[in-house]
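I opened this notebook to keep track of what I looked up, one entry at a time. The sequence and the structure come first, and my entries follow.

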Amino acid sequence: MLPLATAAEIAGVSPASLYRFAAEGRLNFRRLAGRTLVETSSLIALVKTAETWTPSNRGAAARAKRSERSRAAWEA
C-alpha cells in the first residue's frame, strides 16, 4: 500500500488523476486509519497499461517557420 501522494509521484500523474482512474475501475484504493492508500499491485497494473512512447513530429512546421523567419531576417 502506498500513500496517494507517493503513488501519484511514481505514476507521474496528479492525485486527481488517481481518483479518476479509481472511478474508472483501473486503480484500487484502501482506507486505513483515515488515510487513502493505493494498492501497489493495481498501481503496477495501471503503469503497465501505458502506451509505448514514440517520438512525434508535432511542432516541426512551427520550428521550420521560425527558422525561415530567422534566415530571412539575417539576410535582410
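Over the ring of which residue does the charged end of R20 sit? I found that the charged end of R20 sits over the ring of F21, 5.0 Å from its centre, where a charge sits over a ring if NZ of Lys or CZ of Arg is within 6 Å of the ring centre and within 35 degrees of the ring normal.

Before going on, I noted that this is a predicted model, in which local features need pLDDT of at least 70 and side-chain atom pairs count only at pLDDT 80 or more, while totals for chains, interfaces and linings use all residues. Residues are numbered from 1 along each chain as its sequence is written, and side-chain values use heavy atoms, with hydrogens and water left out.

Next I looked up the sheet. It is open, with three strands in the order β1-β3-β2 and antiparallel pairing; helices (H or I, at least four residues) and strands (E, at least two) are DSSP runs numbered from the N terminus, and two strands pair if DSSP finds at least two bridges between them. The edge strands, each pairing on one side only, are β1 (2-3) and β2 (29-32). I also noted that β2 and β3 (residues 35-38) pair over four bridges, with L32 opposite R35 in β3.

I then turned to helix α3 (residues 40-48), whose buried residues are S42, L43 and L46; buried means under 20% relative accessible area, exposed over 50%, and partly exposed in between (1.4 Å probe, protein chains only). Seen down the axis of α3, these buried residues fall within an arc of 100° (taken from the directions from the helix axis to the C-beta atoms), so they line one face of the helix. On the other side of α3, I found S41 and K48 exposed.

E39, in the loop between β3 and α3, counts as buried at 13% relative accessibility. Leaving aside neighbours within four places in sequence, E39 is in contact (heavy atoms within 4.5 Å) with M1, N28 and R30.

Last, I searched for aromatic pairs (ring centres of Phe, Tyr or Trp, the last by its six-membered ring, within 6.5 Å; planes under 30 degrees apart are stacked, over 60 edge-to-face, the rest tilted), and the whole structure holds one. The rings of Y19 and F29 have centres 5.3 Å apart and planes at 85°, so the pair is edge-to-face. Y19 lies in helix α2 and F29 in strand β2, so the pair ties together parts 10 residues apart in sequence.
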